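Here is a briefing on one protein structure. Take a look at the sequence and the model, then read the points below.

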Amino acid sequence: MRLVRLWPENSHFDFMRLRRFSFPLSALISVATAIVLMTVGLNFGIDFKGGTLMEIQAKSGQANVAQIRQTAESFGFGDVEVQEFGSTGEVSLRFPIQSGGEAAQTAVVQKARDTFSNEYDFRRVETVGPRVSGELVQSGTIGIVLSVIAVLFYLWFRFERELAVASIIGTLHDIVLTIGFFVITRHEFNMTSIAAILTIVGYSLNETVVVFDRTRELMRRYKAMPAKELLNLSINTTMSRTIMTATTTALSLLALVLFGGQAIQGFAQVMLYGVVICTYSAICISSPMLIYIGLRGSETVKVPEGRAAAAE
């Protein structure tokens, strides 16, 4: 049976030409992320902010959000965030941390149940105190920092200096753009979000290593090939694998986004975005960066087309 090729076998597409558009675009998004992060900040979830989160669903199938907000604010527990989500009739209520310890938090839950239980079913109730939320923030931050440092050390020892620097830049680029996704979309940033970021770092590392392994192989085979041609050949010869990996992963995540339910939908959306960003980064950021770093920028001898095709 004839195999289906996801990318032309003898393709010579000039990916390096895309750097004139990808570099300014990524720089613009990164700067915008930094500005919005410093001015607006992340939408921290209850894991990090503390407080009480409740998710209720109207028994009649239709929720009156305005009335729920007015009633919840009359409790006197501070500013309440009321938001409709998911299917029709589902509403989330977020109460701030109450002074008075666990008993005060329990009073919030009991008051809400006494008021809304006749018309609404309580699907989820979470209470996180200030001490626990502070510990989660610290643990989550340390986890991300240590994981990123470990990945950067791996890249530094895995590749030659130029390849390692380009890989590190690409990985940091993916982290920044993922955080930007949280900032722009206002997705709740919680412990699940940290898991998503670390997973995206691993996927980014995988995509970069595949392309750069081929780049290093071709560097040894064609010692006089100019950097631009070498990088284009590396990407073209690994493009079928890249498309297959990205497509299968994206389809799985798309199924989770559509049918996974509210509990996992946010994680799946971030991961789906991460797959797109990591694939884009490996092709349009990390690889072209080698041209500016100075990977064989001075050679001008071209390899015959037959030999280049044989590398595939």
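R216 is buried, because its relative accessible area is 13%, below the 20% cut-off. The model is a predicted one.

**R216 and its surroundings**
- R216 is part of helix α7, which covers residues 191-221.
- Its side chain makes a polar contact with the side chain of D213, at 3.1 Å.
- Leaving aside neighbours within four places in sequence, R216 touches R158, F159, E160 and L163.

**The open sheet**
- Four strands form an open sheet in the order β3-β4-β2-β5, and the pairing is antiparallel.
- The edges are held by β3 (81-84) and β5. Each has a single partner strand, so one side of each is left without a neighbour in the sheet.
- On average, neighbouring strands of this sheet are turned by 15° against each other, direction ignored.
- Strands of a sheet pair through backbone hydrogen bonds, in either a parallel or an antiparallel sense.
- For β3 and β4 the sense is antiparallel, over 4 bridges.
- Which residue of β4 is the bridge partner of V82? The partner is L93.

**Helix α4: length and faces**
- Helix α4 runs over residues 102-116 and has 15 residues. At 1.5 Å a residue, α4 should span 21 Å. Its end C-alpha atoms are 21 Å apart, which agrees.
- Which residues of α4 are buried? They are A104, Q105, V108, V109, A112 and F116.
- An α-helix has 3.6 residues a turn, so residues three or four places apart point the same way.
- The face of α4 turned away from the buried side carries the exposed residues E102, A103 and D114.

**How the helices meet the sheet**
- The buried residues of α4 pack against three strands, β2 (51-58), β4 (90-95) and β5 (120-128), and against helix α3 (65-73).
- Helix α4 lies across β2, β4 and β5. It runs at about 175° to β5.
- Helix α3 lies across β2, β3, β4 and β5. Its angle to β4 is about 20°.

Note on methods
Residues are numbered from 1 along each chain as its sequence is written. This is a predicted model: local features need pLDDT of at least 70, side-chain atom pairs count only at pLDDT 80 or more; totals for chains, interfaces and linings use all residues. Side-chain values use heavy atoms; hydrogens and water are left out. Helices (H or I, at least four residues) and strands (E, at least two) are DSSP runs, numbered from the N terminus. Buried means under 20% relative accessible area, exposed over 50%, partly exposed in between (1.4 Å probe, protein chains only). A polar contact is a pair of N or O atoms within 3.5 Å; within protein, one must be able to donate a hydrogen and the other to accept it, and residues adjacent in sequence count only if both atoms are side-chain atoms. Contact means heavy atoms within 4.5 Å. The expected span of a helix is 1.5 Å times one less than its number of residues. Two strands pair if DSSP finds at least two bridges between them. Axes are lines fitted to C-alpha atoms, for helices over the stretch in contact, and angles run from 0 to 180 degrees between N-to-C directions.
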